Amino acid sequence: MLAWDVAILTLTHKLIATNAPAFFAVLFLADRVPLVISTMVLVALWFSGQPDGTSQQPARLTQRESRQRILLIIFSMVAAFFLAQVIGDLFFRPRPLVDLPLQVPIDPQIWTSIVDQLRNDGGFPSQHAAFWFALTAGLFTFDWRAGLAAGLISLFFSALRMGLGYNYPSDAIAGACLGILTCAGIFSIRQKLAWLILPTFQFFRRNPILAYPFGLLVMIDITQRMRWLFGLLAILFGGRGPSL
Amino acid sequence: MNGFESWLLHRSNDWVARSPASFAGALDFSDRGLWLLMAAVLAGLWFVGEPGIIPTENGKITRLDNRQRILLMLGAMGISSGLARLLQLTVFHARPLVDVGLKAPIDPQVWQTVSSRLELQSGFPSYQMALILVLVTGIFYHHAGAGGLALLGGAYYGLLVVGLGFYWPIDILAGALLGVLITSLLFICQPCWRGLLRPIVLQFEYHQILAHLTGFLFLFDLSQKFATSSSLLRILYGFTLGG
């Protein structure tokens, strides 16, 4: 355990563990809200961009370019989450709430059930930070202000998870680096991924009645930490699904 | 309970309870799966129709008109499920799992949790069936073949929940009739609602990002049985009371 890791964690924990309603609110916020926000950003970007063939604002991305970037970003986010899980399985590091005696202002039974759920799950690197910072890096390709806003929001939610004891600050930093590098890597080989991106884009263009329900299910799966995707991969290749 | 209802109930139960896995799957689908499917179907239906304001040939529909119909379907879903809930409070019809000995090959504690929730709730009419038949009716108006397939899907769901002991066949039929009636009435009166529906639909052309975001959030919440909005309301309620 690094001293600065514990110091920052203890500070963030003290900030959120002031009373039970605040703690429950943070539990709720740190659970699915950031994932829902991520999907909202993706949906909003999907419908941004000027329609193809128009030339109203040359500096603005066309819908075609915008949507292809979004597909790359989704791919980056999923890849970063998956890589974080693989690394976590290889380099197990217990989560702070397992190791440290955190004072929580809620029913001890509820807290114990949360701790037990995560006892055998490593916190390094933070899968959620990897996921959010992959999105952040992708948003920088649209607009640096959007990227900056996403980075700040990702930092906020990472801090909430630190305060809950889900991750050490170093877990979050490692996850963030992983997310950014994964996104940068995917964007650097985007030409090689044309076989995946272009047909998907055309699917939405030519068969919206089928494509959008599929897209909705993908977005919903993202909000539940890709449980269906990982479940499918576990059935096909063995392994386990994502943790809290 | 007549002979046919009893026969259908037991045959459906035999089918659903043929194995613990099939029973658990039926339980899961009847709870979450239906709402997910409804959200996905609505997402697909939203893109039915031709772009533009005038159809290119007779019998075709523009996306603008189609989307107005979908808003009417959402209204029908709200009205029919509201009416169904009201009727459930007025007409008490105990669910089969209370009165009838049915097979339930799962952990008795889990089944006890499920059945105790439903014991005091009337099953007449089935509000889920009302919701399904709103969708089926809406699909039927677009394409009879697709509507027929959707009806088969609805019948499958009906058999599933009868087999689980959640509803009698008469509850399913009543819910279905309610859904069809409300939707048909609203569709017939569509011209009356044009002044309200058209501006809403046009927002999806003029303010694509905001409108589609709102639509996505609605469908997401629908797929979760409105759990997210309920949780948010509970948290706000807790904060405003200072508890």
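Quick housekeeping. This is a predicted model, so to speak of local features we need pLDDT of at least 70, side-chain atom pairs count only at pLDDT 80 or more, and totals for chains, interfaces and linings use all residues. Residues are numbered from 1 along each chain as its sequence is written, chains are lettered from A and ligands numbered from 1 in the order in which they are written, and side-chain values use heavy atoms, with hydrogens and water left out.

Back to chain B. Along the principal axes, its C-alpha atoms fill a box of roughly 55 × 55 × 35 Å. Of the 243 residues in chain B, 47% are buried; buried means under 20% relative accessible area, exposed means over 50%, and partly exposed is in between (1.4 Å probe, protein chains only). Then contacts, meaning heavy atoms within 4.5 Å: among those in chain B with a separation of 6 or more, 79% come from residues 24 or more positions apart.

Now, helix packing. Two packed helices are described by the angle between their axes and the distance between the axes. The axes here are lines fitted to C-alpha atoms, for helices over the stretch in contact, and angles run from 0 to 180 degrees between N-to-C directions.

Take helix H3 (residues 63-90) and helix H8 (residues 169-188), both of chain B: they pack at an angle of about 140 degrees, with axes 9 Å apart. So H3(B) and H8(B) are oblique to each other. The cut-offs: under 35 degrees is roughly parallel, over 145 roughly antiparallel, 65 to 115 roughly perpendicular, and the rest oblique.

Over in chain A, helix H11 (residues 208-223) packs on helix H12 (residues 227-237) at about 90 degrees, with the axes 7 Å apart. H11(A) and H12(A) are therefore roughly perpendicular to each other. A:Leu217, A:Ile220 and A:Asp221 of H11(A) make the contact with A:Arg227, A:Trp228 and A:Leu229 of H12(A). By class, that is 4 nonpolar, no polar and 2 charged residues.

What about the backbone there? Most residues other than glycine have a negative phi, and most peptide bonds are trans. In the loop between H11 and H12 of chain A sits A:Arg225, with a positive phi near 55 degrees. A:Met226 is in the loop between H11 and H12 of chain A, and its phi is positive too, about 55 degrees. A:Arg225 counts as buried because its relative accessibility is 14%; for A:Met226, at 2%, the label is buried as well.

And which peptide bonds are cis? In chain A, the one from A:Phe124 to A:Pro125, with omega near -10 degrees. In chain B, the one joining B:Phe124 and B:Pro125, with omega about -5 degrees. B:Pro125 lies in the loop between helix H5 (108-118) and helix H6 (127-142) of chain B.

Last topic, aromatics. Rings of Phe, Tyr and Trp (its six-membered ring) pair if their centres lie within 6.5 Å; planes under 30 degrees apart are stacked, over 60 edge-to-face, and the rest tilted. That rule gives 22 aromatic pairs over all chains. One of them is A:Phe23 with A:Trp111, edge-to-face at 5.6 Å centre to centre and 70 degrees between the planes. This pair links distant parts of the chain, 88 residues apart, with A:Phe23 in H2 and A:Trp111 in H6 of chain A. Both A:Phe23 and A:Trp111 are buried. One aromatic cluster is formed by A:Trp46, A:Phe47, A:Phe203, A:Phe204, A:Tyr212, A:Phe214 and B:Phe47.

How values were computed:
Helix = DSSP H or I, 4+ residues; strand = E, 2+ residues; numbered from the N terminus. Nonpolar A, V, L, I, M, F, W, Y, C, P; charged D, E, K, R; others polar.
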